[in-house]
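This report describes how a ligand is held and how two chains meet. Please examine the structure shown below before reading on.

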Amino acid sequence: MNSIQQTFASNRPAGRGVLVVYVTAGDPSLEETVEIVTTVADSGADIIELGIPYSDPLADGPTIQGASQRALEAGATIQGVFDCAAQIRERTSIPLVIMTCYNPILQFGPETFVQEASKVGIDGILASDLPPSEAEQWCAVAAEYELSTVFLVAPTTPPQRVARAVECTTGFVYAVARPGVTGARDELPEDLKDSVARIRQVTDLPIAVGFGISTPQQVAAVCEIADGAIVGSAVVDIIAEASNHEARLQQVSRFVSALAAATRQ
Amino acid sequence: MTTETEQRSGRFGRYGGQYVPETLMGALDELVQAYEQAWADLEFHKELEYYWRYYAGRPTPLYLAERLSDLCGTQVYLKREDLNHTGAHKLNNTLGQVLLARRMGKPRLVAETGAGQHGVATATVGALFGMETVVYMGVEDIRRQRLNCFRMELLGARIEPVESGKGTLKDATNEAIRDWMANVENTHYLMGSVCGPHPYPTMVRDFQSIIGQEVREQCPEQVGRLPDKLVACVGGGSNSIGLFYPFLDDDVELIGVEGAGHGLHTGEHSAPLAAGSFGILHGSASQIMQDEDGQIINAHSVAAGLDYPGVGPEHAYLHESGRATYVSVTDEQALAAFDQLSKLEGIIPALEAAHALAWVIEQAGNFGEDEVIVINLSGRGDKDAAEVKSLL
Ligand SMILES: Cc1ncc(COP(=O)(O)O)c(C=O)c1O
């Protein structure tokens, strides 16, 4: 069993949901990202999604677009994010999942990308605009280097595509909570339970829900119906708005601790 | 496991495909199916031809531009898409897609626009069929194509200004796709060129192919034979592929003209075929402008409709196979041609189309006297008059 599935498996007996926290690498700088991610891990997150910034991320709302833009302007490169991941790995063993779009992977070279990721201790990869129907070669390369794959399943995904997505997934299934882009939302969609049940019917893989999950209350509610909750924009907002480095780490720590506590409710 | 739609996922060699977030895949499946059914349905063609003829005013003339011909030392014909209703070729496609949207029961349209011609053409069909229409447009393009913004508002569409990036077509396309993701259940994304995920490159090409089909009938009638060369500007590539496609199997030279902006060597251009590389943008693999990390580089062209760092996948394929030739002309050359055609023929061309004209004018003297060259005059230049005046 890979480290991602293990994380879900070890939380399950205690009835605990898995908290996945997304951070855009390089916002405000790659050096700070190392400390932010370490803080997120120490505050009780179970898995980190580390975003490689991309200039034109179709699946992202204004919050993560802004973070990506700032990171690119601050000089984040793919190699820079890998170096950052290597430093994170020296400090914590928390599973790291790279999240990005497919074009940066394509330009780096899919095989080189996976090789490098595996070398620095990355556990899994999600390319948000690579649907399973285009991912045959990608999955083969990831399997060769024992990197877990994560694919999205949306409420709008037709049944035969849900089946295909779970076939391609070796990490966890990322259940998109609602149509639309990433970004904090006030309420959970009403049909979320049905969306998760639809995936559960066809797989025993862990299922985590993301897109718009932004408060401890929502995390608690999501953990009732799925194996984990993914929080991105709400954390990215805190990182963006903090006035200085110390305040940033403190606020991130407080918020992630509250989210983590919610997974135990 | 491969489903039926996956087998036909719209590949042109190594180009094309469907690289979009999962949320859109269901809508793409639905669109592929609706499109294939409609395209095989005589009733659909009858309906589309009705609107093309009685609403848009097709067929558009093939006009022998005599003074331009004298200047170039050859026979130059203009395919007059500027005379199509709304003033550009864009309406050919929006009429096709709106009929599809109606078949799919989607009451809302979203579109991106650069020059504003596609926005106007979308607002027009939105008005015609009483559909809510939202057009995303970059703030820089809103500035330089103000006339078209007034037209869209008159037609009842809402314009959503896009601030991100350079505020041009690439950024507007991102936002239109994001809107579609959020409203996919009731919204049809009416893409304006032969870019995007399958089925858009194929579908938009098929709707625009009416241009080439007409030329294929008009040229033998008027000249007695097929043309020797077809020349068209290439932004996303819809007017050019529409002209080229019906001639792919003929002995006819196909020449696409990209925007060289301030010059290819400056990096400030919109010529991904001349100076780009293999990559993914807006859902398909093609030739794109990017840095070594795959970050998209902003394009530049004086023509808002060409100001885009990508190009339709079928053009990338025709470029690679050598079946079509792609060249580029600078802003300056296009502006000169804009002026020349106005004074020589009494036709003010769109700045986009002025690129195709500029290449032919630059090549004056290199053509045989009896050669027949058809230039796609993809649109009229009223929209550009104010911007050109400020640049002169
Ligand atoms: C008149 C005109 N010609 C050409 C274009 C470029 O698009 P395409 O290459 O898809 O024909 C545009 C786009 O806005 C346009 O308005």
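This is a predicted model: local features need pLDDT of at least 70, side-chain atom pairs count only at pLDDT 80 or more; totals for chains, interfaces and linings use all residues.

A nitrogen atom of the ligand is 2.6 Å from a side-chain N or O atom of B:Ser378.

## Surroundings of the ligand

On its own the ligand has 390 Å² of accessible area, of which the protein covers 97% (Shrake-Rupley method, 1.4 Å probe). The ligand is surrounded by 18 residues (each with a heavy atom within 4 Å of it). B:Ser193, B:Gly235, B:Gly237, B:Ser238 and B:Ser378 are the closest. This shell comprises five nonpolar, 11 polar and two charged residues, with Gly counted as polar and Asp, Glu, Lys and Arg as charged.

## Interface between the chains

Contact (heavy atoms within 4.5 Å) links 37 residues of chain A with 36 residues of chain B. In chain A, the residues that lose the most area to chain B are A:Leu58, A:Glu134 and A:Arg161, together 22% of what that side buries; buried area is the accessible area (1.4 Å probe) lost when two parts are put together, summed over both.

## Basis of the values

Residues are numbered from 1 along each chain as its sequence is written, and chains are lettered from A and ligands numbered from 1 in the order in which they are written. Local features need pLDDT of at least 70, side-chain atom pairs count only at pLDDT 80 or more, and totals for chains, interfaces and linings use all residues, while side-chain values use heavy atoms, without hydrogens and water.

Terms used. A polar contact is a pair of N or O atoms within 3.5 Å; within protein, one must be able to donate a hydrogen and the other to accept it, and residues adjacent in sequence count only if both atoms are side-chain atoms.
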